[in-house]
Amino acid sequence: MSAASSGSRPGQITIRGAVLERIGAERPYARSAPLRVQELTLDPPGPGELLVRIEAAGLCHSDLSVVDGNRVRPVPMLLGHESAGTVEAVGSEVGDIAPGERVVMVFLPRCGECAECRTEGRLPCSRGTAANNAGELLGGGRRLHRSVGGRTSASALEDVHHHLGVSGFATHAVVDRRSVVPIGADVPAGVAAVLGCAVLTGGGAVVNAARPGPEDDVIIVGLGGVGMAALLVARALTSGTVTAVDQQESKLDLARRLGADRALTPQQAEEDGVRAGAVVEAAGHPRAFETAVRLTAPGGTTVTVGLPAPGALAEISPLVLTAEARTIVGSYLGSAVPSRDIPRFEQLWREGRLPLEELISGTIDLDHVNEGMDRLADGLAVRQVIEF
Ligand SMILES: NC(=O)c1ccc[n+]([C@@H]2O[C@H](COP(=O)([O-])OP(=O)(O)OC[C@H]3O[C@@H](n4cnc5c(N)ncnc54)[C@H](O)[C@@H]3O)[C@@H](O)[C@H]2O)c1
Ligand SMILES: [Zn+2]
Ligand SMILES: [Zn+2]
């Protein structure tokens, strides 16, 4: 439940953002409009926090999963977690970022102190995860409020939950310092945004979890923003055969254009006996996970990145795992240390080795976010980016 508070405090500003009002709305979302663009009140940044003016925000399946209820989160929630922008103000205790600097948002802050944070990115931060599940910032509590019942004149305000410490489908956000990584002034806003989720997650799954050698073969199953980013990173870093797998012809066409040696449907890949030592599943469906396991070579590693519904189960053969000495590993946030890995992907982009612009299938404005969710649910887009 949202706690009501009253009055407007010094330093609060009015922003516009897309708030998810209810979970499980019927399709098409263009008609049921589960996300409602509205004015909200945003607190000034507290200690260790930043106020960021958002430049761009990508639509990721993990946003859709909150809308359709596959990831249950508290509502009302201001969605969006793949965003980038310019710092407008800093709270106390922020010594290393100044107004005017540009930042990429990261959807899981790292506290830097818990046992999980000492695993070089392998495990998600436990404190960050708890804050994300509660819809709060890492420092505790919520900085987003709105008039109760949408009455603009009311003095009573109710809290709105943060999405993954970011809430990037908005003109501005207050975020924890540990939810951002600085980015160069030369990086276009859309590219900066996708670095924060699609590239960190998909690319990180390749370099940190699958870890192919420079000549190893790689297979990517599921070619949305995350899988397509994994494909780009694999193409940039290995000279082995890179195979892209998806059910959608349009995704296979794009994958070929982006340098995949082969682009196949799951059925074709299995019939052709295609296998690789490094396989990344980025579809979020148990059938795709089963495909990824079947396409993994003896001694190889299957990395699962997708986030299917909590009750979804997969069927795999334990015998094959034993007999072929195989590994299956899950990867959240690209098993990454964002402050180390985002600059690495940024530099590959700068050198022309990672054409991240190709991940952006179109730009939309905030008022069309529900239509964007429909296109995402239909599998028609790689990354749609909201520009502010
Ligand atoms: N682990 C993490 O940290 C993390 C971060 C971001 C996203 N995710 C998850 O990763 C998944 C991918 O995200 P996205 O935004 O790229 O999604 P998306 O919806 O844009 O793309 C998914 C792709 O998978 C394809 N697909 C679906 N079923 C398939 C199957 N059986 N075989 C092959 N391909 C299939 C679809 O056609 C689509 O192209 C989602 O589950 C998302 O929630 C995980
Ligand atoms: Zn995401
Ligand atoms: Zn931690």
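Reader: Okay, to start, which of the 34 residues around ligand 1 come nearest?

Author: This is a predicted model, and in it the residues that come nearest to ligand 1, out of the 34 around it, are His61, Gly222, Gly224, Ala283 and Gly284. Two or more residues of that shell are given by each of helix 2 (61-67), helix 4 (189-210), helix 5 (225-237) and helix 8 (286-294).

Reader: And what's the shell made of, by class?

Author: The shell around ligand 1 holds 15 nonpolar residues and 16 polar ones, together with three charged residues.

Reader: Which domains does that shell draw on?

Author: At least three of its residues come from domain 1 (13-185 + 355-387), and at least three come from domain 2 (198-335).

Reader: Let's stay with the domains, then. How far apart are the centres of domain 1 and domain 2?

Author: Taken over C-alpha atoms, the two centres are separated by 28 Å. There is contact between the domains as well, with 20 residues of domain 1 touching 18 residues of domain 2. On the domain 1 side of that contact, helix 2 supplies the largest share, which is three residues, and the residues of this side divide into eight nonpolar, seven polar and five charged.

Reader: New topic: how many residues are in the largest nonpolar core?

Author: That core has 115 residues, and the ones with the most contacts inside it are Val104, Ile220, Ala230 and Leu231. Helix 4 gives the most to this core, namely 15 residues, and at least three core residues come from each of domain 1 and domain 2.

Reader: Zooming out, how many helices and strands does the protein have?

Author: There are eleven helices and 19 strands in the protein. The radius of gyration is 20 Å, close to the 21 Å that the globule rule gives for 388 residues, so the protein is as compact as a globular protein of that length.

Reader: What does the C-alpha trace span along its principal axes?

Author: The trace spans about 65 × 45 × 35 Å.

Reader: Last one, what share of the residues is buried?

Author: Buried residues make up 50% of the 388 in the protein. As for contacts with a separation of 6 or more, 71% of them are between residues 24 or more positions apart.

Methods: Residues numbered from 1 in each chain as written. Chains lettered and ligands numbered in written order. Predicted model: local features only at pLDDT ≥ 70, side-chain atom pairs only at ≥ 80, totals over all residues. Near = placed C-beta within 6 Å. Helix = DSSP H or I, 4+ residues; strand = E, 2+ residues; numbered from the N terminus. Nonpolar A, V, L, I, M, F, W, Y, C, P; charged D, E, K, R; others polar. Domains from an automatic or database assignment. Core = buried A, V, L, I, M, F, W, Y, C linked by C-beta atoms within 7 Å. Buried ≥ 20, exposed ≤ 12 C-beta atoms within 10 Å, placed from the backbone. Rg over C-alpha atoms; globule rule 2.2 N^0.38 Å. Contact = placed C-beta atoms within 7 Å.
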